[in-house]
Amino acid sequence: MPDFIVTPWEVSGEIDYDQIIKEFGIEPIDEKLLFYIKEIAKELHPFLTRKIFFAHRDFKWILDEYRNGNPFFLYTGRGPSGDIHLGHIMPWLFTKWLQDKFDVELWFQLTDDEKFLFNQPLSYDEAYQYSYDNALDIIALGFDPKKTFIFSDIDLAGVLYRNALKIAKKITFSTIRATFGLDNSANIGQIFYTSIQTVPAILKSIIEEKNIPCLIPHAVDQDPHFRLSRDVLPKLGYYKPASIQCIFLPSLQQGGKMSASVENTAIFTQDSPAEVKKKVNNAFTGGQASAKLQREIGGNPSVCSVFKYHFMLFTLDDKEIRNIESRCRAGDLLCGECKNDLIQKINSFLKTHQERREKARPKLDKFLIKERTDLKEIVKEKLKKL
Ligand code: TRP
């Protein structure tokens with residue numbers, strides 16, 4: 001038995017990312033590739049140098065094409081099943097960096113259909129409403145409205161379905177079973193769903209009526225979907241989509257990723273300063289049983305969730321993070337001080353984020369695209385013509 005699970009529907013345990021690289025057949029982002037990215041982007045995001053974005057498929061090809069005057073577009077997504085937490089935000093911050101550095105379009109899929117199909121208690125209306133709610137967090141991150149297209153699958157069902165048909169016809173049930181572990185108890189929407197997640201990788205090619213490279217930044221659990229996309233799309237005459245993949249922001253407790261469904265392990269974008277303080281103060285750390293002992297033998301940042309939050313999101317300055325790490329190991333920095341520093345950084349991020357989130361409400365229309373779905377109007381218009 002593996003001691004961790006990483007599938008699109010479940011992520012748990014202590015994840016061994018080297019093993020994932022082998023099992024999934026993805027490429028690690030090595031020094032050579034980093035050098036190449038830096039050559040073009042002129043700088044490296046700390047998520048790259050810190051191996052938070054750690055693996056890819058065909059990213060080098062994306063850069064080659066870009067350099068040769070064939071730019072890509074970005075595609076990412078979110079399954080709207082609840083409120084947004086910091087673990088969700090992480091890959092989006094990187095996506096924003098890519099958009100800024102390469103000046104490219106972003107297509108952002110909100111898979112309310114997926115969440116409705118896979119999340120038993122979630123109703124259709126709830127999933128759909130979460131699309132609009134979650135879109136506020138996305139917009140708050142500052143994507144360029146001229147270059148960003150956010151859509152709920154339900155709202156864009158027409159074009160998604162028309163193209164998913166062509167994709168679905170090329171995928172057998174036995175492939176779906178093998179790729180996602182679905183069995184005879186799966187509902188039939190679940191079996192079909194992955195074909196909907198493939199379509200955004202060709203939306204821009206469809207619009208422009210020519211092949212356009214697509215780069216998908218995503219957390220590594222989504223790789224099985226895009227493995228299938230890469231199998232099928234060339235059969236329909238499209239490029240294989242490329243990807244750049246990140247690890248998970250860990251839970252504030254021991255083991256696993258930050259999860260919306262387990263209380264106190266996640267910090268939500270709408271948490272109050274007091275909630276953040278409480279959660280961080282209750283976090284699992286690499287500290288010793290007493291302050292005295294910690295001064296004597298030091299703490300252990302490599303198992304500490306507070307350190308991981310500094311490292312992965314809130315202390316992106318290299319000198320500063322090295323300082324935290326060495327002071328912790330030396331017994332100089334105690335957990336209280338380190339937690340307070342993190343609390344202050346998270347709360348200052350959230351204060352700005354929450355303000356921008358409110359300002360995003362009237363901007364929804366500037367970002368969201370939808371197809372007309374009001375059948376009543378369509379029928380009325382048809383009858384008017386008679
Ligand atoms: N299936 C993803 C989830 O549950 C949402 C998603 C759709 C996605 N398309 C994507 C995520 C592309 C990353 C990239 O969260």
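F180 counts as buried, with a relative accessibility of 9%; here buried means under 20% relative accessible area, exposed means over 50%, and partly exposed lies in between (1.4 Å probe, protein chains only). The structure is a predicted model, in which local features need pLDDT of at least 70 and side-chain atom pairs count only at pLDDT 80 or more, while totals for chains, interfaces and linings use all residues. Residues are numbered from 1 along each chain as its sequence is written, and side-chain values use heavy atoms, with hydrogens and water left out.

A search of the whole structure finds 20 aromatic pairs. Rings of Phe, Tyr and Trp (its six-membered ring) pair if their centres lie within 6.5 Å; planes under 30 degrees apart count as stacked, over 60 as edge-to-face and the rest as tilted. One of these pairs joins W9 to F180: the ring centres are 5.4 Å apart and the planes stand at 45°, so the pair is tilted. W9 lies in the loop between strand 1 (4-6) and strand 2 (11-13), and F180 lies in helix 9 (residues 173-180), so the pair ties together parts that are 171 residues apart in sequence. Helices (H or I, at least four residues) and strands (E, at least two) are DSSP runs, numbered from the N terminus. In contrast to the buried F180, W9 is partly exposed at 31% relative accessibility.

The rings of W61 and Y239 also form a pair; their centres are 5.0 Å apart and their planes are at 70°, so the pair is edge-to-face. W61 belongs to helix 4 (residues 59-67) and Y239 to the loop between helix 12 (223-232) and strand 9 (242-246), so this contact ties together parts that are 178 residues apart in sequence. Both residues are partly exposed: W61 has a relative accessible area of 22%, and Y239 has a relative accessibility of 28%. Separation in sequence and separation in space may also be set side by side for W61 and F151, which are 90 residues apart in sequence and 27 Å apart in space, C-alpha to C-alpha. Returning to W9, ring pairs link W9, F118, F180 and Y193 into a cluster.

The next topic is charge. Side chains of opposite charge can pair when their charged atoms come close. A salt bridge is a side-chain nitrogen of Lys or Arg within 4 Å of a carboxyl oxygen of Asp or Glu, and by this rule the count comes to 23 salt bridges. Among them is the bridge between D103 and K147, whose closest N and O atoms are 3.1 Å apart. D103 lies in the loop between helix 5 (86-102) and strand 6 (106-110), and K147 in the loop between helix 7 (124-140) and strand 7 (148-152), so the pair ties together parts that are 44 residues apart in sequence. K147 is partly exposed, at 24% relative accessible area.

E296 and K292 meet in a salt bridge of 3.2 Å, N to O. Both residues lie in helix 14 (residues 291-297), four residues apart, about one turn of the helix. E296 is exposed, with a relative accessible area of 52%, and K292 is exposed at 60%. In a further salt bridge, the side chains of E358 and R361 meet at 3.0 Å, N to O. E358 is partly exposed at 45% relative accessibility, and R361 is partly exposed at 42%. Salt bridges that share partners also join R57, D223 and R227 into one network.

Surface patches complete the description. Patches are made of residues with over 30% relative accessible area and no salt bridge; like charges are joined within 9 Å, and nonpolar side chains (Val, Leu, Ile, Met, Phe, Trp, Tyr) within 5 Å. R356, K359, K363 and K366 form a positive patch. K363 is found in the loop between helix 17 (335-360) and helix 18 (364-367), and its relative accessible area is 36%, which is partly exposed. D3, E14, D16, D18 and E23 form a negative patch; of these, D16 lies in the loop between strand 2 and helix 1 (17-24) and is partly exposed at 33% relative accessibility. A nonpolar surface patch consists of L375, I378, V379, L383 and L386, with about 520 Å² of accessible area together. V379 has its place in helix 19 (residues 375-384) and is partly exposed at 43% relative accessibility.

How values were computed
Areas by Shrake-Rupley, 256 points an atom, 1.4 Å probe, with all protein chains shown as cover. Lys, Arg positive; Asp, Glu negative; His and termini not counted. Charge placed at Lys NZ, Arg CZ, Asp CG, Glu CD.
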